[in-house]
Structure formats: C-alpha cells, structure tokens
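The sequence and structure are shown first.

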Amino acid sequence: MKIRILLAVVAMLGISNIAMGDEVDSRFRVARKYLDENNLTVTTTIDQAYVQDAILVVGEGLGKKGTVGAQKRLTAITAAKVAAQRRLAELLHGVAVVSETTVRDSELESDVIKTAVTGLVRGAQPVIQEYNEREETALVILKVGMNGPRSFAATLYEKILTEPKVRQELEKPAYVPPVADVAPAVAGSYDGLIIDATGYNFRPALINRIFNPRGEVLYDPAKISQKVLVEQGCGEYTNSVDKARAALGKRGVRNPLVVTAAGTVSPSDLQVADDMAAQIFAANQASGFMADARVAFVLK
C-alpha cells in the first residue's frame, strides 16, 4: 500500500489564499469548505494549534494495487489516515510540556506518556474523508482538540503531573509580596489577566508559568483547579490584546488586568516586573481568576 502526504494540500488548505478553480477536484473543495466554515487551518506548528485550540493534519493515500471499486476506495482512505496519523505523531512528539521539557524527552523515560500519545494518534477524529474515483486517491483530515474532554491536553495533564521529571521542574518557590506592595482596593475590580509577551520569543506549552524577577512563581498548575486545567488548559493564546479580551470574555471575564511581560525565564515561562507581580497577586487574591485559568497570553 502506498502512502504519501501531499505537501501542496497543506499550502492550499492551511497557509495560502490561492483560489481553487475547476482544476482542483472535489476532495479539496470539501476540505476547504469545512475549514472555512469552522475558522480552522491545517496545523503546521504546535503554536498554531494552541491559538485555534485544535490540531488538524492532512494525509493523502492511494488505493492498493490489484483492488477495485469499494475495496480500492477503502484502501485509499486507510492509507490516507495512516499518512495523517504519521504527521500527527510528528507534531505531538514536539509539544513543550514545561520549560525545556518536551513530550519527546518525557517519552524516553515514561511508557505512560508514550502510550497516551499513541492512543491520541490512533483515536484522532476524521473530519474529512474524501475519495477521487478517477485518480483513485483519498484525502483525510484528522482532528485532535487541544483542550476539553478526550483532548490532547486532558490526556497528558493526567499523566505528566505525576512524572518525576515534570514535578521536579514545577517545584519552585511561590510568590508572596511584601504587605506594603499589595493594593487590594485597586486590584478588586480585575477578574482576569492578559499578559502581553509579543516582545519576546515566548511559546505556548501544556504548562506556562509566570515568575517575578527572583524566580518566584505567580502562576502555574498549582494555582489552577484540576478540573479547569484538564478541560481548558493554562489559558488562552492569541496574537493581540483585543483578541485576548474577546477570548477571556467567553470565560466570563469583563475587566482583565493587562500587563506586559518583562522577559522570559524559558521559552514557555514569562517574567514580570516586581510592581506588576504585586498587582497580579492582589488581583487574584480579590477575585480568584487563576483557579479558573482566566488568563490569556498574547504571542508574537
């Protein structure tokens, strides 16, 4: 059985704005219609997947030689699924867990994580399965949600938070500001947090954290309800403050505190200045937004 991933499909479906004319067969028209109607694109990077809260991968497959009719169609679709699963595995194995630790690193030490990733690849939902009888080729798009029930994050959070390597990385001193730095009267009106990281090479991860300049942590999984963490992740990811406000609005946030990151501790961990750290702490003490992960990260 021949298997191939058609790179041109990715360009047409997820990256370029090339109009598709009559020369493009119905498989691509159906795929484009689905993507447009759901405001999605084919995933080329994991950062993109966090922003749209889903991973979508494409595979194209040829029917098995010596088969005809329905059997040819079935073998082509099966080949396309396998091609898409291969691409999905490549993406998932590069996901940042926390700091410099990736799923690939953890897999070397954890059969549990390896099994979880394998299960996600095999259980990915096919959202498009189209066959071209003339060319005897099939196109399949597989989808995995980043958050929510049976999602990538939900599956791995339950595994990685018990991993010794990850737990060791998460054991950082918690931030407690000097009493004089806390301003509860001002903080009381904020019910969420937007942190603008567009000035830095910050990337989404399963666990994103916020630190003060002394390495004390303000925001990490310990601050988030386990149920919320599994269902919604560490927060929202957008490329503008306005989009961040809109995303948090869906979580019930009406007046988020907006701060600018002062730097990065690692590619997936941010740092804020001392005065901002005190304000974030006070705002959370007043409204408890961290427990509900009412936090949005603005990326480049």
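## Cavities

The structure holds 2 cavities of 30 Å³ or more. On a 1 Å grid over the protein atoms alone, a cavity is a set of points where a 1.4 Å probe fits but cannot get out, a pocket is an open set with protein on both sides within 12 Å along at least five of seven lines, and lining residues have an atom within 4 Å of a point. Grid points are joined across faces, edges and corners, and a volume is the space filled by probe spheres set on the points.

The model is a predicted one, in which local features need pLDDT of at least 70 and side-chain atom pairs count only at pLDDT 80 or more, while totals for chains, interfaces and linings use all residues. Residues are numbered from 1 along each chain as its sequence is written, and side-chain values use heavy atoms, with hydrogens and water left out.

## The largest pocket

The volume of the largest pocket is about 700 Å³. Of the 22 residues that line this pocket, Val51, Gln52, Glu236, Tyr237 and Lys250 lie nearest its centre. Two or more lining residues come from each of α3 (46–52), α10 (226–232), β10 (236–238) and α11 (241–249); helices (H or I, at least four residues) and strands (E, at least two) are DSSP runs, numbered from the N terminus.

Helix α3 gives the most to this lining, with 4 residues. The lining of the largest pocket comprises 6 nonpolar, 10 polar and 6 charged residues.

## The second largest pocket

A volume of about 220 Å³ is found for the second largest pocket. Among the residues lining it are Gly119, Leu120, Lys143, Asn147 and Arg150. The elements α6 (111–122) and β6 (137–145) each give two or more residues to this lining, and β6 gives the most, with 3. The lining of the second largest pocket divides into 4 nonpolar, 6 polar and 2 charged residues.

## Thr75

Thr75 is found in helix α4 (residues 69–92). Thr75 counts as buried because its relative accessibility is 11% (buried means under 20% relative accessible area, exposed over 50%, partly exposed in between; 1.4 Å probe, protein chains only). A polar atom of the Thr75 side chain lies 2.9 Å from the backbone nitrogen of Lys64.

How values were computed. Ala, Val, Leu, Ile, Met, Phe, Trp, Tyr, Cys and Pro count as nonpolar, Asp, Glu, Lys and Arg as charged, and the others, Gly among them, as polar. A polar contact is a pair of N or O atoms within 3.5 Å; within protein, one must be able to donate a hydrogen and the other to accept it, and residues adjacent in sequence count only if both atoms are side-chain atoms.
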